[in-house]
Amino acid sequence: MAPESISVEEKLQERIKELSCLYQVSSAIREFEGSYEVTLESIVQILKSAWRFPELATVEIRCESYHLSSNPIPKEGYSQKSIIKISKNEIGFIKVHYPAADLSKAHFLVEEQRLLDKIADEIALFFERQNIKVQEEHLKQTAARNDRLAILGEITAGIAHELNTPLGNILGFAEFIEEKTAEKQTKRDAQKILNSAIYSREVVKKLMFFSCDMPQDIKKIKVKPIITQALSLLKPNFKKANIRFKFNIQDPVLKAQVDPIQLTQVFFNLVINAIYYSPENSQIVISIYSNESHYTIEIADEGKGIDHKVKDKIFEPFYTTKPLGEGSGLGLSVVHGIIKSHKGEISIASNIPKGTIFKIKLPLNF
């Protein structure tokens, strides 16, 4: 059917409506206050009033995870459509529908299609700008967290060095008292001092690991035997918690430059942590895959997951979500320190449908 002819006066009126629509859409985007759905709903209503037959028009927008329409979409009808794209990638569309019972395809105007294309471009720019803002904020937060951890590393290294000497003296004198005294009570008291000093020395050692101030023995070795041996030692932990594990490795002969003792400690800390937060009869999956320059270790559990509010804090020393007395808050700090000293990265992701995935990316050579 040929396009319906309209008078010059009507064309002028439609042109005014189009310009008004563009202005209102731009205003709605500028006034964005954090709710994509509210902004898109405003655009839907603005577009509906801009079409030639607004009382019969149904505007539909589908963009990323959002899907809105001004009215129920007619089962039989005609529509104009414009694709919403960011960098040539389709993220959605806009459609304006007319019911077939009342109007035909010929009732759409060429000018309306051009307007629809402009609005699609405006929405694409809007989403692109918001995505950039989110990425910039994420980068700022990551940089701030790294700066904070670097400062904490320097502080903890200093504390660890300062504590080493007095702890050594306490251990030495406590051992001397225990050996020389004949009194049972004094021996018991000396043993309590020894136990407390040994515990404190372990805390100091963890602080030094976190601050990357421990000597390393880097060598080119196979990764699989390190993980296999660690899993063998952890079998009683899995059995006691009634949890299964699965180990997948892309390249069984994968070799990397690593300190085997420190990598074992990283693996132990993360797996024991995963066991602690996993429910009974669940499964922890350990996966290792690689490319030409890096290898990645993933430890995925089926626990309750990590609240996004604390994700930036969990690598800080002494921060723990465990009850008092069940965690020192140094396990993940140690992991972070070791990974950093190996020129690697550690990140956290959600395990769909539930749980947490710790991802460790390490260079094969450094």
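Predicted model: local features only at pLDDT ≥ 70, side-chain atom pairs only at ≥ 80, totals over all residues.
The protein comprises 366 residues, of which 39% are buried. Its secondary structure consists of 7 helices and 11 strands. Among contacts in the protein with a separation of 6 or more, 69% are made by residues 24 or more positions apart.

Two helix pairs are considered here. Two packed helices are described by the angle between their axes and the distance between the axes. Helix H1, residues 8-30, packs with helix H2, residues 36-50, at an angle of about 175°, and their axes are 9 Å apart. H1 is therefore roughly antiparallel to H2, because an angle over 145 degrees is assigned to that class. On the H1 side, the contact is formed by Glu-14, Lys-17, Cys-21, Gln-24, Val-25, Ala-28 and Ile-29. These residues meet Thr-39, Ser-42, Ile-43, Ile-46, Leu-47, Ser-49 and Ala-50 of H2. Sorted by class, the contact of H1 with H2 contains 8 nonpolar, 4 polar and 2 charged residues.

The second pair consists of helix H5, residues 224-241, and helix H6, residues 260-277, with an angle of about 25° and axes 10 Å apart. H5 and H6 are therefore roughly parallel to each other, since angles under 35 degrees are placed in that class. Their crossing is right-handed. From H5, the residues in contact are Ile-226, Ile-227, Ala-230, Leu-231, Leu-233, Leu-234, Asn-237, Phe-238 and Ala-241. From H6, they are Pro-260, Leu-263, Thr-264, Phe-267, Phe-268, Val-271, Ile-272 and Ile-275. The contact of H5 with H6 has 15 nonpolar and 2 polar residues, and no charged residues.

Phe-238 is located in helix H5. With a relative accessibility of 2%, Phe-238 counts as buried, because the limit for this class is under 20%. When residues up to four places away in sequence are not counted, Phe-238 touches Leu-231, Ile-243, Arg-244, Phe-245, Val-271, Ile-275 and Ile-284. Of these, Val-271 and Ile-275 are also among the residues of H6 that meet H5. Although Phe-238 and Tyr-276 are 38 residues apart along the chain, their C-alpha atoms are separated by 9.9 Å.

Aromatic side chains were also examined. The count of aromatic pairs is 11. In one of them, the ring centres of Tyr-98 and Phe-108 are 4.5 Å apart and the planes lie at 10°, so the pair is stacked; the reason is that planes under 30 degrees apart fall in this category. Tyr-98 belongs to strand S4, residues 89-99, whereas Phe-108 belongs to the loop between S4 and helix H3, residues 110-180. The pair therefore ties together parts that are 10 residues apart in sequence. Both partners are buried: Tyr-98 has a relative accessible area of 0%, and Phe-108 has one of 8%.

A further pair is formed by Phe-126 and Phe-127, with ring centres 5.4 Å apart and planes at 80°, so this pair is edge-to-face. This assignment follows because planes over 60 degrees apart count as edge-to-face. Phe-126 and Phe-127 are both buried. Phe-126 and Phe-127 also belong to a cluster in which ring pairs link them with Phe-32, Tyr-36 and Tyr-66.

Methods. Residues numbered from 1 in each chain as written. Heavy atoms only, no water. Axes fitted to C-alpha atoms, helices over the stretch in contact; angles between N-to-C directions. Helix = DSSP H or I, 4+ residues; strand = E, 2+ residues; numbered from the N terminus. Parallel < 35°, antiparallel > 145°, perpendicular 65-115°, else oblique. Left-handed = near helix turned anticlockwise from the far one by under 90°. Contact = heavy atoms within 4.5 Å. Nonpolar A, V, L, I, M, F, W, Y, C, P; charged D, E, K, R; others polar. Phe/Tyr/Trp six-rings, centres within 6.5 Å; stacked < 30°, edge-to-face > 60°. Buried < 20%, exposed > 50% of the residue type's maximum accessible area, 1.4 Å probe, protein only.
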